[in-house]
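I opened the model to look up helices, cores and domains. My notes follow.

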Amino acid sequence: MTVSMLMRPDPRVRVAHEGDPRAEGRCVLYWMQRAQRGLDNPALNYAIAWGNTLGLPVLACFGLTADYPGAQRRHYRFLIEGLADARNDLAACGVPLVVRLGRPDRVAIEVANLIQPALVIGDDNPVRVAQEWRSALVRDLAVPCRLVDADVVVPSSLFPKEEFAARTLRPKMHRAWNDYLKPLPRPIAKNACPDALIPRGETLDVEGLLAKLKVGGAGELSGYRGGTREALRRLDLFVEHRLARYAEERNEPSPYATSELSAHLHFGQISPLTIALRVRDSAAGDANIEALLEELIVRRELAVNFVARNPKYDSIEGCPRWALETLQKHERDPRPYLYDPATLEAGSTHDPLWNAAQQEMVHTGRMHNYLRMYWAKKILEWSPDAATAFKVALDLNDRYEMDGRDPNGYTGVAWAVGGKHDRPWPERPIFGTVRFMSYASTRRKFRSDQYIERVRAIVEGCGDNAPWALK
Ligand SMILES: Cc1cc2nc3c(=O)[nH]c(=O)nc-3n(C[C@H](O)[C@H](O)[C@H](O)COP(=O)(O)OP(=O)(O)OC[C@H]3O[C@@H](n4cnc5c(N)ncnc54)[C@H](O)[C@@H]3O)c2cc1C
């Protein structure tokens, strides 16, 4: 590849800091943040392509901060477990990974100052804190920088406006996705990185790093392991044992028929492309393949679009006007049950199904999608107003779910509490025309007694809290 080929506009690539690569640069720096993996990583591939074109080695760095908003001990363990796989997979491509403690953008600047790269390649990430890191990096960086949209199948830049609903995005996605549902190359960096160029970094020892980070909060979860290897293992099991019943049974939580890959996707330990290609090429049948691609690409990337295009994505104000008006109109409706955040967090409401869902989340780091909808709708019903419900639901989601703090979480809460991507339904108390879910009908939709019993066994320590069929 030539430099001019790499400089051509590419919908995946955002030029964050203009300019030609520095002629005196000693390497290409890959700043890994969102895409924490070596496999099917377009940002890494792009950095390697630059390195090979310029005749330079590629070095990767990662900044591990103890201050990610909302992140808890369980999330840090998961992330650090994943870094070991990322380091090995990057090394197999000829790219050493240096992990340092500190705010990610500061670590990138620190490493850039030490190694004087020709340019910096990063991965992109739509959430606010990650965008702030990128702006700060670009402000303080003396070399050009390009960011690659590495964690979606179809580049987000193809959808520059906020989409109204899945129905507006779906046809555009379907038109575009065949161009992107293709295996990625696995390039190798041709120029070895001299040891003298590799700055000192942390040893990737999970216990040692957790001790240094001193993070507390929601406890760790045995059996919920992070990393690309674990993600690939789950993917194998999913395709082999569950995909063939996904279309019919994905709303059944006891046992799950879904992939349980959302946390690995959240941490960028597996690419959505890896999952999509494996599923598309499986023998699971069209209905199952279509159903999975709808969730993984259309719904997931609709969430990315919401977060990237709506600056109020994490509050009730990001929800549509019709929903805000109807919720406001019903704000003074009598509320037969009102629970404070502590009662909700303890899972001590009058509703056994809701309590089971809450406890599943606290004790296993996950909650089934169907129950997440019910769970958040009930928080709206039992809170003094929609703004409070939004905050409480998001806070619990982000602290306890292993996949929390993700565009999918902001969107899921906005859908349940504020009608985001939904339409008005028949009017009723508290909810107005925002969709309602009742206890009686939700219980009838799946084997809810079995589910409640299963969670009870986990809470009492006699059930296995590892993913149920993915041991
Ligand atoms: C109130 C609420 C909160 C949520 N919070 C989160 C969250 O914090 N993090 C998170 O990743 N997801 C969240 N979701 C979306 C969804 O519940 C999870 O992505 C899904 O349950 C993950 O399970 P899975 O990996 O087995 O999914 P699968 O059914 O196997 O689907 C594969 C992948 O597709 C994507 N996906 C599936 N369902 C949805 C959906 N409804 N919307 C967007 N993408 C989807 C996920 O990335 C998922 O891993 C939330 C939904 C609601 C209603």
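I started with the buried residues of helix H8: Thr228, Glu230, Ala231, Arg234, Phe238, Val239 and Arg242. I count a residue as buried if 20 or more other C-beta atoms lie within 10 Å of its own, as exposed if 12 or fewer do, and as partly exposed in between; C-beta atoms are placed from the backbone. Asp236, Glu240 and His241 are exposed, on the face of H8 turned away from the buried side.

This is a predicted model, so I kept its limits in mind: local features need pLDDT of at least 70, side-chain atom pairs count only at pLDDT 80 or more, and totals for chains, interfaces and linings use all residues. Residues are numbered from 1 along each chain as its sequence is written.

Next I checked the length of H8. It holds 15 residues, 228-242, and at 1.5 Å a residue it should span 21 Å; the end C-alpha atoms are 20 Å apart, which agrees. The expected span is 1.5 Å times one less than the number of residues. Helices here are DSSP runs (H or I, at least four residues), as are strands (E, at least two), numbered from the N terminus.

What covers the buried residues of H8? The cover includes helix H3 (73-92), helix H9 (246-249), helix H10 (262-266) and helix H11 (272-280). Contact means that the C-beta atoms of two residues, placed from the backbone, lie within 7 Å.

I then looked at the loop between H9 and H10, where Pro255 lies. The peptide bond from Ser254 to Pro255 is cis, with omega near 0°.

**Helix H18**

I moved on to H18, residues 407-418. Its twelve residues should span 16 Å at 1.5 Å a residue, and its end C-alpha atoms are 15 Å apart, which agrees. H18 is mostly covered: twelve of its twelve residues are buried. Among them are Asn408, Tyr410, Thr411 and Trp415. The cover includes H10, H12, helix H13 (321-329), helix H16 (369-381) and helix H17 (386-400).

Just after H18, Gly419 takes a positive phi of about 65°. His421 lies in the loop between H18 and helix H19 (439-444). Its phi is near 65°, a positive value in a residue other than glycine. Is His421 buried or exposed? His421 is buried, with 23 other C-beta atoms within 10 Å.

I found a positive phi at Lys214 as well, near 55°, again in a residue other than glycine. Lys214 lies in the loop between helix H7 (206-213) and H8. With 8 C-beta neighbours inside 10 Å, Lys214 counts as exposed.

**Cores**

I looked up the largest nonpolar core, which has 71 residues. A nonpolar core is a set of buried Ala, Val, Leu, Ile, Met, Phe, Trp, Tyr and Cys residues joined through C-beta atoms within 7 Å. Ala357, Ile379, Ala393, Val413 and Val417 touch the most other members. Helix H12 (residues 286-309) gives the largest share of this core, eleven residues. Domain 2 and domain 3 both give residues to this core, so it lies between them. Not counting residues up to four places away in sequence, Ile379 touches Leu344, Ala389, Val392 and Ala393. Apart from this core lies another, of 60 residues, among them Leu29, Leu64, Leu137 and Ala189.

**Domains and the whole chain**

I noted three domains: domain 1 (3-151), domain 2 (152-184 + 225-309) and domain 3 (316-459). Their bounds come from an automatic or database domain assignment. The C-alpha centres of domain 1 and domain 2 lie 24 Å apart. Between these two, 23 residues of domain 1 are in contact with 23 residues of domain 2. H3 gives the most to the side of domain 1 that touches domain 2, with eight residues.

Last, I took the overall counts. The protein has 20 helices and six strands. Buried residues make up 49% of its 471 residues. Of the contacts with a separation of 6 or more, 82% join residues 24 or more positions apart.
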